[in-house]
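Please look over the sequence and the model before reading on. The paragraphs below go through a few side chains and their partners.

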Amino acid sequence: MVRIGGLASGMDIDTLVGDLMKAERIPLNKLHQKKQIIEWQRDDYRAMNKLLADLDNFIFDGVFRQSTFSKKTVTTSNEAAVSVRNINATSNLNSSISVNRLAESANMVSSSRIGNTNFDPNGKLADQKDNFVTPYNTADTKIYIEAIGKDGSMPAAPVEITIDPANDSLNSVINKINNSNAGVVAFYDSVEGKVSITAKNSGDNTAGAEIKLSGNFLTNQLNLDTDSDIAAGASRGKVGTSAEFTINGLTTTRPTNTFVINGFEYTLKQTTGTNTVTVNSATDEEAVFKSITDFVNKYNETIAGVNSKVTEERFRKYQPLSDEEREGMTEKQAEMWDERAKSGMLRNDSILSGTLNKMRMDLYGRVGNDTDAVNDNYDQLAEIGITTSKNYLDRGKLVIDPNKLREAIKNDPNAIYKLFTNESTVESEQGIARKLRATIKNTITTIEGRAGNAMRTNAQFTLGRNLSSIDKQIDRFEDRLIKVEDRYWRQFTAMEKAIQKANEQSAYLMSQFYSG
């Protein structure tokens, strides 16, 4: 709206009204400042939650996992014959093994060429039907395949594959076989004019053949036997075999050359005859030491971040800038002002202060009791060489005695794992990592109740509801300011009219006076 005043009075009405409105806007500016402060508090709370969530994830992926403490170095005397790696072993390995036989897969091939000189493996079967040595009856559209599984057993039912003679070629049928769950791999060799089928899994089916086929297309057109045992008997393939080996004096078998015993994965690569391969493992002490050190560093980094917020100084005279105030500053001045204004949003915050205290208690309580499986020599953090810094300015940071920690790792890595993760219905007896994670979870939940998260609306957390309330107050106040400004203009306009009228009357009297 364009308003022009002062024509009669000569006064700068626009400036006068503007100055009056500045005073009227002071409460509104305070509402905007209050809103800004709450938004900064909300953002700082969420930053603390992210910090705690990062620590929780770090714990879960590190000292909370048994694999962290069961890292091992494994050596074999003949890597070319037997390789071994640790999967989830909790104790070390010292064994000897000899390989009597490797596991192999059954296979079978066509008994003779399947096509004449005009046969095209990429041609449609309907077009190639007379180019098979045994002409193809396009009514035969089903084939069935059974093959040995990974565990050495046969499936409950064969896999059915449908042939479409109008669209399928020999090669597309082979692709269907290879991409199915039949458990075999097939190919056509154009030089020999034959098809080969091999079981994907090795092993011996003690109850029969490892590959079983049915369907006229397989037996009549592809000249395959009905199972791998018949094919092997006719020298058109071989039967499957299981690996046979002797480990620590015990001779046993497995359907595959790769298997797990006591958390170690063995891979047999060649037979060894009467020779034996020795296998030894040792705890990877450096890897365990690094994992624990990383945990301590992450913990220290987290509590340093939380401490910095609860002790951050609050500069109350530095309130959030209004747009007009910001325009009156240089960019650098505004940046420095904002830094002071944002400081101390969570100073002495009760949630975070309580969390720091609880985390310290989690670290220093005894784990387990006198009758459980926790090693009493390592049931407190200090007993593995981790204590609190004696410098009070460090505010509870942990420090490591590396020699004591290495000794504990060497003596009993599983005891350290229990120290971190012991399970108990009694909270105080739970492992350190377990208690820390519970404390972090409770804190995150409490903070989300106050400051929400990116997935919540303002109505779902305390500060959000406060922000919505302030927004409504701002809307009402802005409506009121519009009415106040209108009132000021009406009053000045009335004054202008009165002055205009007085000026006209004065001019009339003066004209009458001089005309007489």
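**Charged pairs and a buried threonine**

Lysine 358 is partly exposed, its relative accessibility being 28%. This is a predicted model, and the values given here are computed from it. The partner of lysine 358 is aspartate 362, and the two side chains form a salt bridge with an N to O distance of 2.8 Å. Aspartate 362 is buried, because its relative accessibility is 3% and the cut-off for buried is under 20%. Both residues belong to helix 10, which covers residues 350-364, and they sit 4 residues apart, so about one helical turn separates them.

Side chains of opposite charge can pair when their charged atoms come close. How many salt bridges does a search of the whole structure find? The search gives 25.

Another of these pairs is arginine 366 with aspartate 379, whose side chains also meet at 2.8 Å, N to O. Arginine 366 is partly exposed at 31% relative accessible area, whereas aspartate 379 is buried at 4%. The pair belongs to a network of salt bridges that links Arg366, Asp370, Asp376 and Asp379.

A further salt bridge joins arginine 85 to glutamate 265, with 2.8 Å between the closest N and O atoms. Here arginine 85 is in strand 2 (residues 82-86) and glutamate 265 is in strand 14 (residues 264-268), so the pair ties together parts 180 residues apart in sequence. Arginine 85 is partly exposed, with 47% relative accessibility, and glutamate 265 is buried, with 17%.

An unreviewed UniProt entry places the feature "domain: Flagellar hook-associated protein 2 C-terminal" at residues 240-504. In the model, that span is 53% helix and 12% strand, and its end C-alpha atoms are 121 Å apart.

Threonine 68 is part of helix 2, residues 66-69. Is threonine 68 buried or exposed? Threonine 68 is buried, with a relative accessible area of 4%. A polar atom of the threonine 68 side chain lies 2.5 Å from the backbone oxygen of glycine 62. Apart from neighbours within four places in sequence, the contacts of threonine 68 are Asp61, Gly62, Val63, Val288 and Ser291.

Methods: Residues numbered from 1 in each chain as written. Predicted model: local features only at pLDDT ≥ 70, side-chain atom pairs only at ≥ 80, totals over all residues. Heavy atoms only, no water. UniProt positions renumbered as here; feature names shortened; annotations may be inferred. Helix = DSSP H or I, 4+ residues; strand = E, 2+ residues; numbered from the N terminus. Buried < 20%, exposed > 50% of the residue type's maximum accessible area, 1.4 Å probe, protein only. Polar contact = N/O pair within 3.5 Å; in protein donor to acceptor, adjacent residues only side chain to side chain. Contact = heavy atoms within 4.5 Å. Salt bridge = Lys/Arg side-chain N within 4 Å of Asp/Glu carboxyl O.
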